[in-house]
Amino acid sequence: MVRVAPPARARKLAKVPFVELADGRLHGVVSSGSDVERVYVSSVTAGSHAVNCSTNNNRPCGGLRGSMLCKHLHALADEAVLQYGVEQVAGYLRVDVGDGVSGGAELLARTDARHEPGPAAVVFSRFLRHLAYLEVPPSGAAVPELHWFPATAGVR
Ligand SMILES: [Zn+2]
């Protein structure tokens with residue numbers, strides 16, 4: 001369980017609208033550079049460092065071949081480092097960063113990443129759930145699923 005916290009640094013939401021450390025993976029949704037209708041679902045599994053990248057309708061990413069990682073995985077790792085900080089991402093994925101790395105690409109370079117089909121549909125549905133909360137109309141009423149956010153923790 002990773003604590004929900006404000007990003008360590010401002011993120012580029014248009015490029016990587018969703019990034020999460022959950023279910024033993026770093027995963028997220030990365031916009032296509034060329035087609036606004038298309039997004040990629042990218043993931044890195046903790047421990048094994050198996051990577052996957054495919055479109056939201058499950059087509060394999062053309063940029064991910066053998067040990068060559070696609071730009072989506074790099075964008076995902078960069079955004080994860082901005083969101084969580086490099087130590088938390090490296091710790092979660094169990095990457096030995098030795099004397100430290102400066103960004104997501106360097107972090108991925110320390111893994112022996114290999115391609116393995118991943119649960120893109122599961123990740124994508126988590127993204128859609130996440131989006132649904134952004135569309136909840138602002139009101140004073142409590143949203144039951146959000147009750148665990150510690151908004152009133154200091155008020156008691
Ligand atoms: Zn890709």
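This is a predicted model: local features need pLDDT of at least 70, side-chain atom pairs count only at pLDDT 80 or more; totals for chains, interfaces and linings use all residues.
**Stop 1: the zinc site**

The ion is coordinated by the SG atoms of Cys53, Cys61 and Cys70 and by ND1 of His72, at 2.0 to 2.3 Å. What is the arrangement of the four donor atoms around the zinc ion? It is tetrahedral, because the angles they subtend run from 105 to 113 degrees. If you switch to the sequence panel, you will find the donor residues spaced C-x7-C-x8-C-x1-H.

**Stop 2: strand S4**

**Stop 3: the neighbors of S4**

S3 pairs with S4 in the antiparallel sense over five bridges. For a landmark, pick Val41, which stands opposite Ser54 in S4. The two strands form a hairpin with four residues between them. In that turn, click on Gly47, whose phi is positive at about 85 degrees.

Next, select strand S5, residues 114-115. In which sense do S4 and S5 pair? They run parallel, and two bridges join them. One of the residues to check here is Ala50, whose bridge partner in S5 is Arg114.

**Stop 4: from Arg114 to the salt bridges**

Keep Arg114 on screen and show its side chain, which meets that of Glu116 in a salt bridge with an N to O distance of 2.7 Å. Both ends are partly exposed: Arg114 has a relative accessible area of 37% and Glu116 one of 36%. Elsewhere, salt bridges that share partners link Glu20, Asp23, Arg25 and Arg126 into one network. The model has five salt bridges in total.

For another pair, select Asp35 and Arg38, whose closest N and O atoms are 3.6 Å apart in a salt bridge. Arg38 is partly exposed at 31% relative accessible area, and Asp35 is partly exposed as well, at 25%.

**Stop 5**

Finish with strand S1, residues 18-22, where five of five residues are buried. Phe18, Glu20 and Ala22 point one way, and Val19 and Leu21 point the other way. Bring in strand S2, residues 25-31, which pairs with S1 in the antiparallel sense over five bridges. Gly28 in S2 is the bridge partner of Val19.

Two residues lie between these strands in the hairpin, where Asp23 takes a positive phi near 55 degrees. Show the side chain of Asp23 and you will see its salt bridge with Arg25, at 3.6 Å from N to O. Are these two residues buried or partly exposed? Asp23 is partly exposed, with a relative accessible area of 48%, whereas Arg25 is buried at 10%. To close, select Glu20 and Arg126 alongside them, and the four members of the salt-bridge network are in view.

Technical notes. Residues are numbered from 1 along each chain as its sequence is written. Side-chain values use heavy atoms; hydrogens and water are left out. Buried means under 20% relative accessible area, exposed over 50%, partly exposed in between (1.4 Å probe, protein chains only). Donors are N, O and S atoms within 2.8 Å of the metal (3.2 Å for Na, K and Ca); water is not among the atoms, so sites may look incomplete. Four donors count as tetrahedral if all angles lie between 85 and 135 degrees; four count as square planar and six as octahedral if opposite donors are over 155 degrees apart and all others between 65 and 115; anything else is irregular. Two strands pair if DSSP finds at least two bridges between them.
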